[in-house]
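Open the model in your viewer and switch to a cartoon view. We will go from stop to stop.

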Amino acid sequence: EQINKGKYEHYMQKEIHEQPESLTTTMRGRLIRGGSCKAKTVLLGGLKDHLKTIRRSRRIVFIGCGTSYNAALAARPILEELSGVPVTMEIASDLLDRQGPIYREDTAVFVSQSGETADTLHALEYALENGALCVGITNTVGSVIARKTHCGVHINAGCEIGVASTKAYTSQIVVMAILALAIGGDTISNQERREAIIDGLFDLPNKIRDVLKLDQEMKDLAKLLIAEQSLLVFGRGYNYATALEGALKVKEVALMHSEGILAGEMKHGPLALVDENLPIVVIATRDACFSKQQSVIQQLHARKGRLIVMCSKGDAASVCSGGACRVIEVSYVEDCLQPVVNVVPLQLLAYHLTVLRGYNVDQPRNLAKSVTTQ
Ligand code: AGP
């Protein structure tokens with residue numbers, strides 16, 4: 001039943017729309033909402049004997065490729081905040097090219113939907129040789145990465161058929177947010193923040209149901225962008241990863257050049273591309289970076305940029321005050337979970353662009369679901 005398209009035309013479409021359910025499954029049994037005197041907490045059975053070692057590590061290194069790397073990047077800030085352990089990022093192939101340093105005092109976290117990606121697997125073998133504690137975050141029980149890591153967590157997103165990863169991405173971020181809560185542990189000082197995140201996690205499937213209602217709006221936007229050569233996506237903070245992931249989706253299925261850009265780097269090069277023709281998505285939902293993104297929008301308006309701004313519900317008028325722009329309004333959630341909501345309209349946009357441009361959504365040319373060669 002899981003691999004049936006049901007009422008959907010394509011697997012990618014089905015997998016985008018089933019995210020409220022896949023996220024519910026990912027969280028099942030892992031979040032504990034206590035009674036009035038019992039704190040809310042989390043449980044990750046596969047890691048419970050290793051949490052002490054992870055907390056004492058010199059650093060946590062996230063390793064992955066493509067969408068899985070982007071998911072880790074989205075989770076990085078909350079892991080840094082709650083664990084207090086430095087977190088670094090490695091694209092698996094680049095770590096291997098450089099033979100970058102991995103130490104026995106490191107915790108290396110391998111993120112892979114398939115659990116079979118050759119680059120990630122070779123990076124795992126390299127980290128094992130170097131004596132790091134290796135943690136796997138995969139969607140495939142029994143996969144080689146799940147078997148070779150010392151411990152880990154399954155994301156339980158259900159079988160993903162579309163080559164473009166969608167529901168696995170959101171489940172990966174949620175698992176890593178739970179991982180951050182587990183490593184961070186309960187302290188008086190972070191209790192309020194933890195509870196807000198746990199409440200946010202419980203509510204996330206509803207928020208995803210909400211954002212999925214933008215389907216027709218994203219189809220209309222896709223119609224406007226159908227003949228474009230290129231699409232830029234600007235994000236920062238928690239949503240730098242959303243910019244990279246949104247651009248990756250557009251590139252790989254709609255076969256349109258797209259680039260995720262760290263908004264803080266805008267003045268250091270990308271600004272030269274801005275004119276009245278190139279469409280630019282700016283992610284400017286409410287978080288600590290909001291005012292900086294407002295200033296980015298103003299600078300883009302000043303250069304007559306063709307803007308599509310993603311903002312929190314109720315912010316449309318203020319984000320577009322400096323000039324014309326199209327707005328995508330999404331529900332507000334706790335900052336570290338906002339990337340889970342924000343990526344959905346971009347997944348829908350990539351999906352509709354692909355169908356309208358007449359390309360194969362589930363099997364994009366030249367790509368395989370699982371890249372088992374280096
Ligand atoms: C995702 O849409 C891509 N098809 C690709 O980037 C993928 O995420 C990457 O190959 C890693 O795969 P994995 O998660 O199975 O390791």
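Select helix α12, residues 290-302. Helix α12 lies across β8, β10 (279-284) and β11 (306-312). Against β10 it runs at about 160°. Helices (H or I, at least four residues) and strands (E, at least two) are DSSP runs, numbered from the N terminus. Angles run from 0 to 180 degrees between N-to-C directions, and axes are lines fitted to C-alpha atoms, for helices over the stretch in contact. Contact means C-beta atoms, placed from the backbone, within 7 Å.

This is a predicted model: local features need pLDDT of at least 70, side-chain atom pairs count only at pLDDT 80 or more, and totals for chains, interfaces and linings use all residues. Residues are numbered from 1 along each chain as its sequence is written.

Now show the sheet. In what order do its five strands come? The order is β9-β8-β10-β11-β12, in an open sheet with parallel pairing. Two strands pair if DSSP finds at least two bridges between them. The edges are β9 (257-262) and β12 (325-330), each pairing on one side only. Zoom in on β8 (residues 230-235): six bridges join it to β9. Pick F234; its bridge partner in β9 is I261.

Next, select α8 (residues 167-184) and α14 (residues 338-357). Their axes come within 9 Å and cross at roughly 170°. The two helices are therefore roughly antiparallel (over 145 degrees).

Last stop: the ligand. Of the 16 residues around it, G66, T67, S112, S114 and T117 come nearest. Near means a C-beta atom, placed from the backbone, within 6 Å.

Methods. Angles under 35 degrees count as roughly parallel, over 145 as roughly antiparallel, 65 to 115 as roughly perpendicular and the rest as oblique. Two residues are in contact if their C-beta atoms, placed from the backbone, lie within 7 Å.
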